[in-house]
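Subject: Structure handover

Hello,

Here is the structure I promised you. Please open it first, then read my notes alongside it.

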Amino acid sequence: MKSMLRSSNRKISLILIALAIGYLILSYQLPPYPFVPVDSDLMPKALGYLLIILSIVLFFSGNNDAEKETKVDSRSASEMFLLLMVTALVILYISLLEIIGFVITTVFFIFICSLVLGYKNYKVNITVSILFPVVLFYIFNYLLQIRLPSGILPI
Amino acid sequence: MNAMQGIMQGFEVAFSLEGIFFVLIGVTAGTLIGMLPGLGPITAIAIMIPMIYGMDPTIAMVLMAGVYYGAVFGGSTASILLNAPGISGTVATAFDGYPMAQQGKAGQALAIAAISSFTGGTVSIVLLMLFAPTLASVAVSFGPVEYFALMFMGLVAISSLSEGSVIKALISGVLGLMAVTIGIDAQTGTPRFTFGNPNLLEGIDFLIVALGLFALAEVAFLIKKRHDDSLAKTQNIGSLKLTKQDFKEMKGPLLRHSPFGFIMGVLPGAGATISSFISYVIEKRFTKKPEEFGKGSVKGLAAPEASNNAATSGSFVPLLSLGIPGSGTTAVMLGALLVLGINPGPLLFQDHPVVFWGIVASMYIGNLFLLVLNLPLIPYIAKILKIPRPLLISLVMMFCIIGVYSISFNIFDLYLLLIFGVIGYLFRIYSFPAPPFILAFVLGGMMEQSLRQALTISNGDYMIFLESPIAIGLFVVSILSFAYPFLRDRKRKR
């Protein structure tokens, strides 16, 4: 466990160093602004180098005994798949939100998402997934004056 | 305008029908969210922010204070009933609260927690009323040098005091500072790290970061743990009535740990978690019957509860008087204040005393209503925990998405939300603490501005940071608090 932790720390530190280098390259490309003693690139450059230093320390640091890493268990393949499924659903929901409208997309999102996560009670699921979006739409549009997209519904 | 007048005016608003209504909504929503494992005050406040757009600032603050206290109390409730603390600040509550609940005294345990929270909060608010104006009057003379030093200290302190590895906490803070450099630079107008994307010109809204890093990341863990149905097993809570003996036992811990928690809360980075643990340990040493601790001791429950609530109110001192949050939660609270057009800081107290005292009054009201309104409702609120997990997860995700959409009306921001959700999830898996990130993200803009202002004044000479005695003092404290965890670890290894 300990050696695994150490290697994960090393991997992360390499990724962070790569990130810091990319960030620094962009910082050095920032156009100069001639009329100020300290320009917009000061802070980014400092942060970039700081991140590299901290990542190097992380690379060589043994693991703190008090630190507990969240266990990634062996059954996690199917769990990972489920997480990706839900992420895909969220992406679909986001991308259709303005086109089809809040009410319809949300009804489908709540229903399908709950179903994917293993909720079997269809009656409750249908009731909740219809009731919540409709009530929320009413509250936001009429009470809070925040216009949620109505989309294809003629509201 | 003197303090008394200001407070009275604040109370007037808070005690109006509208005020009471919103406090009730706030404490209920806060308790509800706080009870859910992993979802704490940060998520609760962030989710409620879209609601307060365009509201009267005092009413909105009443609502937010309600949410805040509700979420902390919700955490205690989960600790007592389920031994599943919603937030780290209430872990110590479970030590004696859960054994009490198992003995069939869940109602009494909740009542003790509520009364202790109320006492801790009240004492702390009184101290806040005394301290904050004094601190503000000192801070009026602060220039960019002192402000930079102060924020620097806040960031180092939260990193060195957070759980787990200090290096990881510092990296988390640096990443937060880097995230805030995205967008147009305020001083020169140079677009930075926007990759030509017009959506990034204005920078990333902090609500996206807060909801992504905390709420969405927790949802991912809820998905993994969705089969755990311990939440549904909430048994009957029983009577809420306390005996005279209980009150007698509570008195000592309450008197000791309310002021103690306040001091811990004022210190940047310390806050509710650390103060509740220390209080528990101190109380165990103080008592004549240490063997009762861990088996349902009234004192062992009252001490951490008084302490964590006092610390929560105490953490408002630097936020209100200096305009600088010292913790993740107050950083999000600062976000809420900015949404309302309130700029907390020494000038707030001078220029808008009504708003200042309004906030203080609303905190007090939030605390009071928690005791009067929330406690009797707890048995009913606890029933909501029986909502099936899959449904709950879908609804929380939907609330996050709509919350972000309703402030920006921009689909691009929703993708950003998802990205921060993934980042937050990775943070959790590899045990990088998220609070330094959010605090750095909120402070980053101000920090860069004061750094550059200071250097502009000195014409690029860094020695200006060593010319102010206050700044030197703050830097020394930063270095000490940075060195502390290393010394502690070394001592432990021996």
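Chain B has 19 helices and 2 strands. Helices (H or I, at least four residues) and strands (E, at least two) are DSSP runs, numbered from the N terminus.

Before you go on, some ground rules. This is a predicted model: local features need pLDDT of at least 70, side-chain atom pairs count only at pLDDT 80 or more, and totals for chains, interfaces and linings use all residues. Residues are numbered from 1 along each chain as its sequence is written, while chains are lettered from A and ligands numbered from 1 in the order in which they are written.

**Chain B overall**

The C-alpha trace of chain B spans about 70 × 60 × 45 Å along its principal axes. Of its 494 residues, 63% count as buried. A residue is buried if 20 or more other C-beta atoms lie within 10 Å of its own, exposed if 12 or fewer, and partly exposed in between; the C-beta atoms are placed from the backbone. Now take the contacts in chain B between residues at least 6 apart in sequence: 80% of them join residues at least 24 apart. Two residues are in contact if their C-beta atoms, placed from the backbone, lie within 7 Å.

**Chain A overall**

Chain A has 5 helices and 0 strands. From the N terminus on, its elements run α-α-α-α-α. Buried residues make up 24% of its 155 residues. Among its contacts between residues at least 6 apart in sequence, 60% join residues at least 24 apart.

Chain A is divided into domain 1 (4–60) and domain 2 (77–144). These bounds come from an automatic or database domain assignment. The centres of the two domains, taken over C-alpha atoms, are 39 Å apart.

**Where the chains meet**

In the interface, 47 residues of chain B are in contact with 55 residues of chain A. On the chain B side, the elements that give two or more residues are α7 (166–180), α8 (206–224), α16 (389–408), α17 (411–429) and α18 (435–457). Which of them gives the most? It is α16(B), with 10 residues. The side of chain B that touches chain A divides into 27 nonpolar, 12 polar and 8 charged residues. Here Ala, Val, Leu, Ile, Met, Phe, Trp, Tyr, Cys and Pro count as nonpolar, Asp, Glu, Lys and Arg as charged, and the others, Gly among them, as polar.

**A helix pair in chain B**

Look at α9 (residues 244–266) and α10 (residues 271–286) of chain B. They pack at an angle of about 145°, with their axes 9 Å apart. Axes are lines fitted to C-alpha atoms, for helices over the stretch in contact, and angles run from 0 to 180 degrees between N-to-C directions. From α9(B), the residues that meet α10(B) include B:P253, B:H257 and B:F260. Their partners in α10(B) include B:G271, B:I274 and B:E283. The residues of this contact divide into 4 nonpolar, 6 polar and 1 charged.

**Residues to click on**

Start with B:V404, in helix α16 of chain B. Is B:V404 buried or exposed? It is buried, because 27 other C-beta atoms lie within 10 Å. Leaving out residues up to four places away in sequence, B:V404 touches B:L207, B:I208, B:L211, B:D413, B:L414 and B:L417.

Next is B:G74, in helix α4 (residues 57–82) of chain B. B:G74 has 32 C-beta neighbours inside 10 Å, so it counts as buried.

B:F409 lies in the loop between α16 and α17 of chain B. It has a positive phi of about 50° although it is not a glycine. B:F409 is partly exposed, with 13 other C-beta atoms within 10 Å. B:S431 lies in the loop between α17 and α18 of chain B. Its phi is positive too, about 45°, although B:S431 is not a glycine. B:S431 is partly exposed, with 19 other C-beta atoms within 10 Å.

Best wishes
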